[in-house]
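Dear colleague,

I am handing over a structure to you with this email, and I would ask you to look through it before you read on. My notes on what was found follow below.

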Amino acid sequence: DAQYGGAIPLNTPVTSTALEKNDDNEAMKSQSLPYGYARFDKLALQCSQLEFLDPDIVLKDDGTEVGSISDRWNVFRLEDAWWTPHLTDHQQQMASLVSSSSYPEGEAASTDASDEELVRALKDASPSPTVIEEERSGEITSPLPSNILLAPGVHKYILLKATKYPSSTEDEGSETEVQWFVKSASPAECGGPYHANVAQSLVNELQCKGYDVTVTGGGRIDYNNDEYAPHAHVYGFSYGFGKGDHAKAASLIESYSNNTVIATYDNSNTLY
């Protein structure tokens, strides 16, 4: 336990007197440790689940016994632990984001005052002067996020345009860089039930890389990530950002997935 970090260290060195007080713990007395550790018989390992096969004892012809593996499984599972209440609270908070009592049963949240405020902040996001200066000096070198970020299932999505202009007068001859992104996410992944929540982390990341960011619209994506025939269906609209260009989003999904994902879209105004 001490060797692999399982023992609990004490603040006082081990002394011969301390060892003598542990007459009932031969393991501790036999240890040569520079610092004291809690009694080994007070240590415990907490696991979520243990599984192992029962052994069988087989009697050989010569009268000796040999062990063999049976097909009987022993399974021990920890249903509750100290972290269980924290997980339960988190799951309940996520559930309340998806289906709030302030909306009709089965209908996802559409918008509220906090969503509208966040939308205003994200619609046209520009990098700060500090970020622009760091980009000019070459200090920002981390790669861009994936152009296509899809969560399995039916979730809200945003279509985002990121633009990087020449960073100085010396680069006036260079071309403006434009990147497009499609992102869908569950409320549990993005921290909220609105399109602005889906966009927020991606907008912030691209701003930090020196891009001017515009969320051009949104809707929903029904993404089935089947191993053999993955399919994404784009439809609906966003109350905050407006209706996305679903045809462009579908085209981007197919392009950036190297046509491994089949993408379709529906521009019907009645779908949300």
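A residue is called buried when its relative accessible area is under 20%, exposed when that area is over 50%, and partly exposed in between. Phe76, at 47% relative accessibility, therefore counts as partly exposed, and Phe52, with a relative accessible area of 41%, is partly exposed as well. Please keep in mind that the model is predicted.

A search of the whole structure finds two aromatic pairs. In one of them, Phe52 and Phe76 are stacked, with 5.9 Å from centre to centre and 25° between the planes. Since Phe52 belongs to strand β1 (residues 49–59) and Phe76 to strand β2 (residues 65–77), the pair ties together parts that are 24 residues apart in sequence. The rings of Phe237 and Tyr239 have centres 5.2 Å apart and planes at 70°, so this pair is edge-to-face. Phe237 is partly exposed, at a relative accessible area of 21%, and Tyr239 is partly exposed at 48%.

Another ring to look at is that of Trp180, where Lys248 lies over the face at 4.5 Å from the ring centre.

As for the strands, β5 (residues 153–164) pairs with β7 (residues 212–224) in the antiparallel sense over eleven bridges, and β7 is joined to β8 (residues 231–235) by five bridges, again running antiparallel. A hairpin of six residues leads from β7 to β8. You can follow this through Asp222, which is the bridge partner of Val154 and whose bridge partner in β8 is His233.

How values were computed
Residues numbered from 1 in each chain as written. Predicted model: local features only at pLDDT ≥ 70, side-chain atom pairs only at ≥ 80, totals over all residues. Heavy atoms only, no water. Pairing = 2+ DSSP bridges. Helix = DSSP H or I, 4+ residues; strand = E, 2+ residues; numbered from the N terminus. Phe/Tyr/Trp six-rings, centres within 6.5 Å; stacked < 30°, edge-to-face > 60°. Buried < 20%, exposed > 50% of the residue type's maximum accessible area, 1.4 Å probe, protein only. Lys NZ or Arg CZ within 6 Å of the ring centre and 35° of its normal.
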